[in-house]
Amino acid sequence: MRPPTPDAINKALNILLGSIQDENECTFTSSCIHPLDVIPPEQLATNAEALALAKQHLDKKAEDLISRCQHRRNLAAPIHRLPQEIFGMILENFAAGRPIHDEHGLLQLLRVGRLWYHTIVSLPRLWTRVDLTLPPSIAKLVIERSKELPILALEWNPVDGYGGVEKEHEEILEMAIHNSTRFKSIKFQVSHNDPLDIRSLLESETPALDTLTVDVYAGSEAEEDGFENLKFVLSEGAPLKYLVLNNASTNFDSPRLSGLIALYLREAAIPTSLATLLKVLSATEQLELLKLEEMRPVHERVDLSPQITLGHLKELKIQAIATEYCAALLGSIFTPICSRVYVSDSWWSEATNALDSFLWQPGNTQTAALLGLNGQSDRRPLEISITVEYQMVRIRVHQREDWDSPFFSFKRPRSTEMVKLLREFFSAIPSCPPIDLAIWSAMAPSDALDLTGWSATLSLLDLSDEDCCLRALQQLAQRTAVSDSRETGASARRAEDWMCPNLQYITLRIPELDSQRDSHVAALLALVRKRWSGTDDGAAPANQPTEFDIFCTNSGYRELRGVEVEVQKVVPSFRFRQGGDDRALSTATSVSELS
């Protein structure tokens with residue numbers, strides 16, 4: 001692209017000067033002398049003003065021409081050939097879920113071009129999200145442009161976090177109350193001391209409302225001041241589908257809760273009475289998601305209630321809930337098809353022992369359903385991992401989609417007591433998946449590990465307690481009459497020969513003191529001779545382990561090299577691992593506490 005020639009510019013300038021001279025009675029001469037050089041000084045100001053005005057008009061004309069060129073060029077773009085209705089659908093999907101003042105929101109899209117502006121302004125369905133953080137004039141404009149359509153979302157979430165509300169937002173709140181019958185979704189995130197009275201809106205008429213989120217932030221200072229959660233009463237209307245409450249509560253006996261698909265309660269929103277919560281759940285026949293998180297301590301007794309069935313529940317999350325409340329809830333519901341489960345309790349109490357005994361009693365169909373072992377889940381468990389570490393017992397059920405496999409974490413002062421319950425429970429499960437058992441805490445003599453109950457299912461064994469390791473070495477050298485329910489015929493007869501016939505991964509630890517270590521070494525050699533060499537009494541050897549590791553101290557490792565060489569002649573996968581690990585430290589800590 002090249003500019004016009006100087007000759008063309010001079011001709012255009014002469015025409016321009018001639019017009020200025022005629023309109024303003026100015027004197028310009030066109031000769032070899034510059035035209036301004038012959039004008040009297042007293043006329044220069046007038047002529048300069050006339051030239052500036054001419055330039056202004058020329059610039060505007062040039063801008064108009066450029067704009068028209070761009071407009072004509074844009075009309076050739078494919079998007080401008082779309083019918084307005086289809087173009088509106090594209091804009092609707094693009095803007096869905098975005099705040100109107102977002103950098104890619106409607107307010108910015110208005111500035112793209114005339115077609116975009118007229119299309120956005122003319123389609124009411126693009127204006128069905130109202131954000132109370134907007135200035136009142138814009139919020140009013142949004143409501144007006146939505147015409148009579150249902151307002152899909154009303155939101156209040158301060159851009160600077162949980163903070164105060166300016167006085168102008170009271171005007172918007174009044175506007176929202178006036179249009180409350182049109183709202184399908186309301187989402188509020190406020191501070192406990194927020195002056196905005198959202199209760200008046202929550203209790204107004206909302207017959208079309210199907211989604212409600214009320215999130216009240218209460219920091220430590222709020223609890224010190226005796227904070228009480230926000231309470232409101234739902235008006236009459238169609239049943240809600242989605243309800244999310246944090247530090248807010250409503251009338252849980254409302255008929256509007258009977259159609260819930262998702263229920264999410266946090267902190268003070270969780271009813272302290274389990275009976276109240278179960279009454280809500282029993283009325284929600286279509287409930288698919290239930291989440292309870294960070295419940296405040298319960299100071300009243302919690303008992304089991306008659307069991308209710310949540311036949312459509314697919315996802316259950318219980319986190320940071322008092323153990324007694326959590327165990328009673330799990331024992332009071334039946335979820336036949338729930339496949340995404342996350343349970344993590346806290347704040348143990350003595351009453352939990354009786355609830356544990358009920359929850360993990362052999363044949364409990366509800367617990368089996370939560371673990372996906374009832375045969376009705378859409379995903380079959382492939383493996384179960386049980387980890388015991390200090391005062392925590394964790395259970396994970398591995399499935400093909402491992403990212404949301406069932407997970408349980410229980411806080412128990414005597415974790416080994418729960419291990420006994422788990423042993424009895426899983427031994428009664430028909431066709432139980434392989435189990436990985438890791439115990440990284442000390443065990444009292446009365447809680448000594450007995451592998452007999454785990455024999456049919458154990459595929460991995462990882463122990464830290466030295467006495468427990470010695471007992472495991474001794475028991476693995478024994479044959480048992482416990483059959484493997486997963487196999488039949490000849491393979492089942494072979495499974496009856498050895499303790500834990502399907503054991504593939506073994507990790508143990510050996511004492512540091514020579515006097516204690518000798519008994520472990522003797523038990524190891526006896527195990528290798530009996531279980532895998534096939535020369536002790538003529539019995540068929542057991543299957544070779546994939547990995548067999550025993551941890552020992554650095555000094556002990558040097559002394560045990562000869563033993564390692566001898567064992568590897570029979571069990572090639574065997575290794576002494578020098579140096580301790582964090583689990584040994586954890587075990588030492590728990591030993592001192594037990595003593």
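## Salt bridges across the model

A search of the whole structure finds 19 salt bridges, each defined as a side-chain nitrogen of Lys or Arg within 4 Å of a carboxyl oxygen of Asp or Glu. This is a predicted model, in which local features need pLDDT of at least 70 and side-chain atom pairs count only at pLDDT 80 or more, while totals for chains, interfaces and linings use all residues. Residues are numbered from 1 along each chain as its sequence is written, and side-chain values use heavy atoms, with hydrogens and water left out.

One of these bridges joins the side chains of glutamate 92 and arginine 125 at 2.6 Å, N to O. The pair links distant parts of the chain, since glutamate 92 lies in helix α3 and arginine 125 in the loop between α5 and β1 (129–131), 33 residues apart. Glutamate 92 is partly exposed, because its relative accessible area is 29%, where buried means under 20%, exposed over 50% and partly exposed in between (1.4 Å probe, protein chains only).

Another bridge is formed by the side chains of arginine 266 and glutamate 267, at 3.7 Å, N to O. Arginine 266 counts as buried at 18% relative accessibility, and glutamate 267 is buried with a relative accessible area of 15%. Both residues belong to a network of salt bridges that also links Glu293, Glu294 and Lys317.

## Helix α3

Helices (H or I, at least four residues) and strands (E, at least two) are DSSP runs, numbered from the N terminus. In α3, the residues Phe87, Gly88, Leu91 and Ala95 are buried. Seen down the axis of α3, these buried residues fall within an arc of 100 degrees, so they line one face of the helix; the arc is that of the directions from the helix axis to the C-beta atoms. The buried residues of α3 pack against α4 (106–109) and α5 (114–122).

Methionine 89 also has its place in helix α3 (residues 84–95), but this residue counts as partly exposed because its relative accessibility is 44%.

## Serine 459 and the whole protein

Serine 459 sits in strand β18 (residues 458–463) and counts as buried at 10% relative accessibility. Its C-alpha atom is separated by 9.9 Å from that of serine 385, 74 residues apart along the chain.

The protein has 20 helices and 21 strands, and of its 595 residues 45% count as buried. Among contacts (heavy atoms within 4.5 Å) with a separation of 6 or more, residues 24 or more positions apart account for 67%.
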